[in-house]
Amino acid sequence: MQIADIGEVQLHYRVDGDPNGAPIVFANSLGTDLRLWDAMLPHLPAGLRIIRYDKRGHGLSSQPPAPYSMGALVRDAEALLDLLDVRDCVFVGLSIGGLIAQGLAVKRMDQVRALVLSNTAAKIGIPSIWQDRMDAVQQGGIEALADATMERWFSKSFRTTPDHLLWRNMMVRQPVDGYLGCCAAISGTDFYTPTSGLRLPTLGIAGSEDGSTPPDLVRETIELIPGSKFELMRRAGHLPCVEQPAEYAALLRDFLTDIGHI
Ligand SMILES: O=C(O)CCC(=O)CC(=O)O
């Protein structure tokens, strides 16, 4: 467990794998912390320097008051990678993590050599949906959204297993300011134009039962980047690295091999 003091906030992060290996960075979704990747990590190939972190307002990172801007979330990732002296990483971003990935790739070509945009889009939802969610949380806490969220996050079959309750618990334990702050950041973000200008190897991953960022939405963003590859994971929801960790890692391994990162 490590903490990076980047001035405005302190970010909790972890480094696993080979400290001298090729860097791969993971940014997780709304309402989750860096344990999102726990089950998938052991399936990754050897020789990678694996970095993951809790974005502001999540996990063990600082909890500044809401709202947050996407600019601040991108700056946090940028500062963490500078602190860890990371260049030419593969940045894997899931959902809001994928928005951070797009923003960082546009800003810091020296830090990011390739992208994995997982269960994400250039624009997620519309402001009225995010406002409704923020209103619900302000009235009833994150608990008020939890059951509906599980239906978007997980496939029908995964929801019949008790495992999904761990993720429900994780969601409702996130700081309210962190959840609200990130909702505001997503609501205010439309990366359609900057992402259209990206020219770097990109893999898109979608889940066939994703109720948050459905496959067509993910595909539309991936197709903005020439030469990108799109993979659909069947019988998976919004968090395929949880539901199908070995299959998810296999997609990453093939992509890392294709681009010569391993
Ligand atoms: O998961 C995210 O980071 C944002 C997208 C979303 O709507 C998640 C959810 O369904 O709660």
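Arg253 is partly exposed, at 37% relative accessibility, and its side chain meets that of Asp254 in a salt bridge, with 3.3 Å from N to O. Asp254 is partly exposed too, with a relative accessible area of 34%. In this predicted model, there are 16 salt bridges. Here are some of the residues that take part in them:

| Residue | Relative accessible area | Class |
|---|---|---|
| Asp38 | 38% | partly exposed |
| Arg52 | 3% | buried |
| Lys229 | 37% | partly exposed |
| Glu231 | 22% | partly exposed |

Lys229 and Glu231 pair through their side chains, at 3.3 Å from N to O. Asp38 pairs with Arg52, and their closest N and O atoms are 2.8 Å apart. This bridge links distant parts of the chain: Asp38 lies in the loop between strands E3 and E4, while Arg52 belongs to strand E4, 14 residues apart. Glu78, Asp82, Arg87, Lys107, Arg108 and Asp110 are joined in a network of salt bridges.

Now to helix H4, which spans residues 143–153. Its buried residues are Leu145, Ala146, Thr149, Met150, Arg152 and Trp153. They lie on the same side of H4, because they cover an arc of only 155° around the axis. Asp147 and Glu151, on the other side, are exposed. Helices H3 and H6 are among the elements that cover the buried residues.

Finally, the core. Nonpolar side chains tend to be buried together in soluble globular proteins. The largest nonpolar core here has 88 residues, and Trp37, Met40, Phe91 and Tyr248 have the most contacts inside it. Beyond its neighbours within four places in sequence, Trp37 touches residues including Phe26, Arg52 and Tyr248.

Terms used:
Residues numbered from 1 in each chain as written. Predicted model: local features only at pLDDT ≥ 70, side-chain atom pairs only at ≥ 80, totals over all residues. Heavy atoms only, no water. Core = buried A, V, L, I, M, F, W, Y, C linked by side-chain atoms within 4.5 Å. Buried < 20%, exposed > 50% of the residue type's maximum accessible area, 1.4 Å probe, protein only. Contact = heavy atoms within 4.5 Å. Helix = DSSP H or I, 4+ residues; strand = E, 2+ residues; numbered from the N terminus. Arc of directions from axis to C-beta. Salt bridge = Lys/Arg side-chain N within 4 Å of Asp/Glu carboxyl O.
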